[in-house]
Amino acid sequence: MLLFVWTLFLGLQYGVGTDYFTYYGLFNNDSLNIYYNKKEFGFLYIAQIAKYLNYPQFGFILTSFIQFFFFFLFLSKAKFKRLDIFLCVYFFCSTAFVNQTN
């Protein structure tokens, strides 16, 4: 449930970050050959899925899902003496969960 809520909370933000509209344009664009040539296949697939669905915002939703999934996987495997301090520092000092594509 938390994965679903957090993914939507982050993925449905509009106009967040300095590059939001650049990524929005990429998620709505057919010319992504530069990412193929750079071998950035993960981003390429996300952009192609968003373009196929004709819903550029889905690129942000999918990115949020991937980030939260791996963050949760990391938390479930890591052993912390003070998980509360780690979470506090992560959420308040890191911008990963506020502006996921920058």
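I read along the sequence and noted the pattern α-α-α-α-α-α. The model is predicted, and local features need pLDDT of at least 70, side-chain atom pairs count only at pLDDT 80 or more, and totals for chains, interfaces and linings use all residues. Residues are numbered from 1 along each chain as its sequence is written, and side-chain values use heavy atoms, with hydrogens and water left out.

**Confidence**

I looked up pLDDT, the predictor's confidence in each residue, from 0 to 100. The chain has a mean pLDDT of 85, and 92% of its residues reach 70 or more. Confidence is highest in α4, at a mean of 93, and lowest in α6, at 80.

**The chain as a whole**

I noted a box of roughly 50 × 25 × 25 Å for the C-alpha atoms, taken along the principal axes. I then checked burial, with buried meaning under 20% relative accessible area, exposed over 50%, and partly exposed in between (1.4 Å probe, protein chains only). Of the 102 residues, 27% count as buried.

**Helix α5**

The 21 residues should span 30 Å, and the end C-alpha atoms are 31 Å apart, which agrees. Which residues of α5 are buried? I listed Gln57, Gly59, Phe60, Ile61, Leu62, Thr63, Ser64, Phe68 and Phe71. The buried residues of α5 pack against α1 (2-11), α2 (20-26), α4 (41-53) and α6 (83-93).

Phe58 also lies in α5, but I found Phe58 partly exposed, at a relative accessible area of 24%. Leaving aside neighbours within four places in sequence, Phe58 is in contact with Ile49, Ala50 and Leu53. I noted that the C-alpha atoms of Phe58 and Leu8, 50 residues apart along the chain, are separated by 9.9 Å.

**Ile49 and the nonpolar patch**

Ile49 belongs to helix α4 and is partly exposed, at 37% relative accessible area. I found Ile49 again in a nonpolar surface patch of about 540 Å², together with Leu12, Tyr52, Leu53 and Tyr55. Patches are made of residues with over 30% relative accessible area and no salt bridge, like charges being joined within 9 Å and nonpolar side chains (Val, Leu, Ile, Met, Phe, Trp, Tyr) within 5 Å.

I looked up Phe86, in helix α6, which is partly exposed at 23% relative accessibility. Leaving aside neighbours within four places in sequence, the contacts of Phe86 are Phe71, Phe74, Leu75 and Phe80. Among these, Phe71 is a buried residue of α5. The C-alpha atoms of Phe86 and Met1, 85 residues apart along the chain, are separated by 22 Å.

How many salt bridges does the chain hold? Taking a salt bridge as a side-chain nitrogen of Lys or Arg within 4 Å of a carboxyl oxygen of Asp or Glu, I counted one. The side chains of Arg82 and Asp84 form that bridge, at 2.7 Å from N to O. Arg82 is partly exposed at 48% relative accessibility, and Asp84 is partly exposed at 43%.

**Positive phi in two loops**

Most residues other than glycine have a negative phi. I noted Lys39, with a positive phi near 65°, in the loop between α3 (33-37) and α4. Lys39 is exposed, at 61% relative accessible area. I also noted Asn54, with a positive phi near 55°, in the loop between α4 and α5. Asn54 is exposed at 58% relative accessibility.

**Phe4**

Phe4 and Tyr24 are 20 residues apart in sequence and 21 Å apart in space, C-alpha to C-alpha.

How values were computed:
Helices (H or I, at least four residues) and strands (E, at least two) are DSSP runs, numbered from the N terminus. The expected span of a helix is 1.5 Å times one less than its number of residues. Contact means heavy atoms within 4.5 Å. Accessible areas come from the Shrake-Rupley method with a 1.4 Å probe; for residues, only the protein chains shown count as cover.
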